Structure formats: C-alpha cells, structure tokens
Amino acid sequence: MRLKYGGRDRSTTVADTIRGDLTAVARAHSNIALVKYWGKRDPALNTPATGSISVTLDALATDTRVSFDPSLAADQFHLDDRPEPASRVSALLDVVRSQAGLTLHARVNSTNNFPSSAGLASSASGFAALALAASRAAGLALTPRELSVLARRGSGSAARSVFGGYVEMHAGTAASGLDSFAEQLLPGADWPLSVVVAITEPQPKPVSSTAGMLGSATTSPFYPGWLETADRDLDTMRRAITERDFRTLGEEAEHSCLKLHSLMLTTRPALIYWNAGTMAAMHRVIRLREEGLPAYFTIDAGPQVKALCAPEDASAVAAELGAVPGVRQVRISALGPAAHLVDDMAPAEPGNP
Ligand code: PMV
C-alpha cells in the first residue's frame with residue numbers, strides 16, 4: 001500500500017512505518033494556559049479567536065495506542081480500559097484517514113496517569129497523543145507544526161500539548177486553519193518552573209469548554225474587551241518568558257485567569273466553575289505571597305487551582321494548599337516534554353475505572 005508522507009507523496013509504505021502493522025503508541029502531556037483562549041474563530045475547523053501561551057506539565061500524561069484494523073466495522077475507543085463514545089475520536093481519525101488515503105477503522109486505547117474525570121485538561125494530552133499515534137499508525141510522518149494543526153481539530157488546547165516547555169498557540173487568519181498552530185517559545189529546562197495542582201472536585205465539569213465558549217462569545221458583554229486585550233496579554237507574557245521575569249509571568253497569568261472567569265460569570269446562562277475550595281485556595285496563594293512565598297494561581301474551565309512557583313518552593317506551596325479546606329489532593333508538576341512515540345503504554349492511574 002502506498003501512503004502519503006507528511007501530506008506529500010513519498011515512496012513510504014505501511015511496512016516502513018513505526019511498527020509495520022498500522023499500530024503506533026504515543027505519549028503526550030497536559031498543559032495549563034498562562035494566557036488563556038476562550039472563543040472560536042471557526043467552530044468547524046476549531047480555530048481559536050485569539051492566541052494563547054501555556055506550559056506543558058510533566059506529571060499529567062496520556063498514553064494512546066491506535067491500531068487500524070481491517071476486521072473492525074466501526075472505530076472503538078477505550079479510556080482507562082472502559083468503553084467510551086468514539087464520536088470525537090472518530091472525527092479526528094477521519095481527518096487522518098483522509099490525509100493518508102485510508103478507509104480502515106481503528107481501535108483506540110488511552111490511559112491517563114491522573115484522575116480522568118478531575119478536570120485536569122485530559123483533552124489536551126488526549127488529543128495530542130491521539131494525533132501523533134493515529135498519524136503514525138496511518139503511515140504519515142507529520143512535522144510538529146502539521147501535528148499541532150491536526151491535534152487542534154480535536155481540542156484547541158491539544159495543539160499546545162504537541163510541544164514541551166513554554167508554548168505559544170497562534171490564532172491564525174487563513175480560512176484553511178493551516179496557520180492556526182502552536183510552537184515552542186522556550187524549552188522547560190531553560191527556565192524551570194513548578195505547577196502545584198490543587199484538586200477541589202473530582203467530578204467532571206458541568207458545561208464543556210466548547211459549549212461554554214460559544215455561550216460567552218454570543219452573550220457576554222465583556223467578550224469584545226476579551227478579544228481587544230488578547231494581543232497585549234500575549235506580548236507581555238512572551239516578554240516575561242524571554243526575560244525570565246517570574247513576577248510578570250505570575251501577575252499576567254492571574255490577570256488572564258480572572259479575566260477569563262469574568263467572561264464566564266457574565267455569560268448567560270452563567271458559567272460558575274468555582275467552588276468554595278477554589279476560592280479558598282486562590283486567597284491562600286495571595287496570602288502566601290504576602291508572607292514571602294512567591295506563587296501565583298491560574299484556573300481553567302473547572303474548579304481546580306494551579307499555583308505557579310519556583311521548583312525550590314513547590315513542596316512548601318503544596319503543603320500550604322493541601323491544608324486549605326476543600327482541597328482534596330495536591331500534585332506537583334515540573335515542565336514536561338513534547339508529545340512522543342513510546343514502545344508501550346504505561347498503566348492507568350490507580351483508581352481510574
Ligand atoms: O480547547 P479546549 O476545549 O481544550 O479549551 C481550553 C479552554 C481553557 O482551558 C479554559 C483555556 C486554555 O487556553 O487552555
């Protein structure tokens with residue numbers, strides 16, 4: 001069988017691919033945005049309305065195996081050994097099939113090394129791992145930029161999880177969506193940072209990001225201001241990273257987080273993702289700074305609080321956040337690597353069903 005390679009015709013055959021059997025296994029790490037995106041330019045292509053900047057998290061990873069199999073009549077998806085609806089997975093596989101000229105269905109198995117339902121951006125790591133495993137299993141060898149464009153089709157934040165360290169996502173302007181991709185700003189090793197994750201609620205969020213952003217764009221009076229100020233926020237964060245200016249990075253991350261949640265709170269119906277533990281953890285982080293322990297919070301579309309701090313302060317910040325009423329579990333993460341192929345899957349987080 002002759003397959004396309006990197007979107008261009010090459011003499012690569014299925015037999016030349018990683019495992020030679022239409023199978024590949026990939027690992028990708030989750031990420032947390034320092035400058036958030038919320039709102040889509042083109043919902044069909046899943047292009048964001050604004051750019052964003054994130055850090056990739058070493059401690060939170062998804063492993064995904066994709067096997068295209070002639071015996072299957074439909075795609076199958078298992079998450080942590082449990083069957084799940086395959087529609088979002090199939091939509092991304094359809095893009096891969098059309099690029100590779102394949103018609104086969106696939107068996108997809110994913111495991112998260114963190115609680116799957118706890119709102120820890122598993123769609124970012126999940127779709128980045130799926131994009132890499134599916135494209136390689138289908139015989140495509142995409143460039144990192146092409147892989148980022150592909151992962152974006154599954155989830156906007158997944159485009160960033162293709163890369164390690166500090167990452168910027170470009171909104172792009174092209175109708176094709178091909179200029180809407182992420183790239184690395186700085187390797188994590190060049191400026192180590194820790195992220196302390198405080199889990200306040202292990203249940204899935206009540207409103208998905210996709211539905212929530214659509215509501216904000218059409219109903220929040222703050223949405224025009226959100227779009228207008230995005231470039232300034234991105235410029236300031238990019239400069240903070242270039243200059244290794246932790247205070248500006250932290251202040252801008254908190255500002256972007258609070259601006260995002262102002263947008264959510266003023267959406268109709270309102271998107272109130274915080275609980276009492278979220279609020280208590282935010283206040284604790286602010287008080288830690290007043291007490292001389294430099295840390296800054298950020299929060300996505302959910303109730304978990306992530307504190308940004310220097311690696312040498314991470315255990316102290318984790319101990320403080322672990323003692324906040326409503327915080328059920330804390331995890332410390334360093335900055336993580338790019339999505340990559342692996343020989344086999346790691347076991348799921350103990351306790352995941
Ligand atoms: O594209 P999604 O569905 O992963 O949405 C991500 C939305 C936020 O996490 C709140 C912001 C961001 O930039 O990651």
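How much area do domain 1 and domain 2 bury between them, and what share of it is on carbon and sulfur atoms? Domain 1 and domain 2 bury about 2900 Å² between them, with 71% of it on carbon and sulfur atoms. Buried area is the accessible area (1.4 Å probe) that two parts lose on being put together, summed over both.

The model is predicted: local features need pLDDT of at least 70, side-chain atom pairs count only at pLDDT 80 or more, and totals for chains, interfaces and linings use all residues. Residues are numbered from 1 along each chain as its sequence is written, and side-chain values use heavy atoms, with hydrogens and water left out.

The domain assignment divides the protein chain into domain 1 (2-188) and domain 2 (194-333). Such bounds come from an automatic or database domain assignment. The C-alpha centres of the two domains lie 25 Å apart. Domain 1 brings 30 residues to the contact and domain 2 brings 43. Contact means heavy atoms within 4.5 Å. Leu34, Lys36 and Trp38 supply 31% of the area that domain 1 buries against domain 2, more than any other three residues.

Three helix pairs were examined. Helices (H or I, at least four residues) and strands (E, at least two) are DSSP runs, numbered from the N terminus. Axes are lines fitted to C-alpha atoms, for helices over the stretch in contact, and angles run from 0 to 180 degrees between N-to-C directions. Angles under 35 degrees count as roughly parallel, over 145 as roughly antiparallel, 65 to 115 as roughly perpendicular and the rest as oblique. A crossing is left-handed if the near helix is turned anticlockwise from the far one by less than a right angle, and right-handed if clockwise.

Helix 1 (residues 87-100) packs on helix 2 (residues 122-137) at about 40 degrees, with the axes 10 Å apart. The two are therefore oblique to each other. Their crossing is right-handed. Helix 1 contributes Arg88, Val89, Leu92, Leu93 and Val96 to the contact, and helix 2 contributes Phe127, Leu130, Ala131, Ala134 and Ser135. By class, this contact has 8 nonpolar, 1 polar and 1 charged residues. Ala, Val, Leu, Ile, Met, Phe, Trp, Tyr, Cys and Pro count as nonpolar, Asp, Glu, Lys and Arg as charged, and the others, Gly among them, as polar.

The axes of helix 5 (residues 223-242) and helix 6 come within 10 Å and cross at roughly 165 degrees. Helix 5 is therefore roughly antiparallel to helix 6. The crossing of this pair is left-handed. Residues in the contact include Trp226 and Met237 of helix 5, and Leu249 and Leu263 of helix 6. The contact has 9 nonpolar, 5 polar and 4 charged residues.

Helix 7 (residues 276-290) and helix 8 (residues 314-322) pack at about 140 degrees, their axes 10 Å apart. That angle makes helix 7 oblique to helix 8. Their crossing is right-handed. Ala281, Arg284, Val285 and Leu288 of helix 7 meet Val317, Glu320 and Leu321 of helix 8. This contact has 5 nonpolar, no polar and 2 charged residues.

Most residues other than glycine have a negative phi, and most peptide bonds are trans. Leu22 is not a glycine, yet has a positive phi of about 60 degrees. The peptide bond from Arg268 to Pro269 is cis, with omega near -10 degrees.
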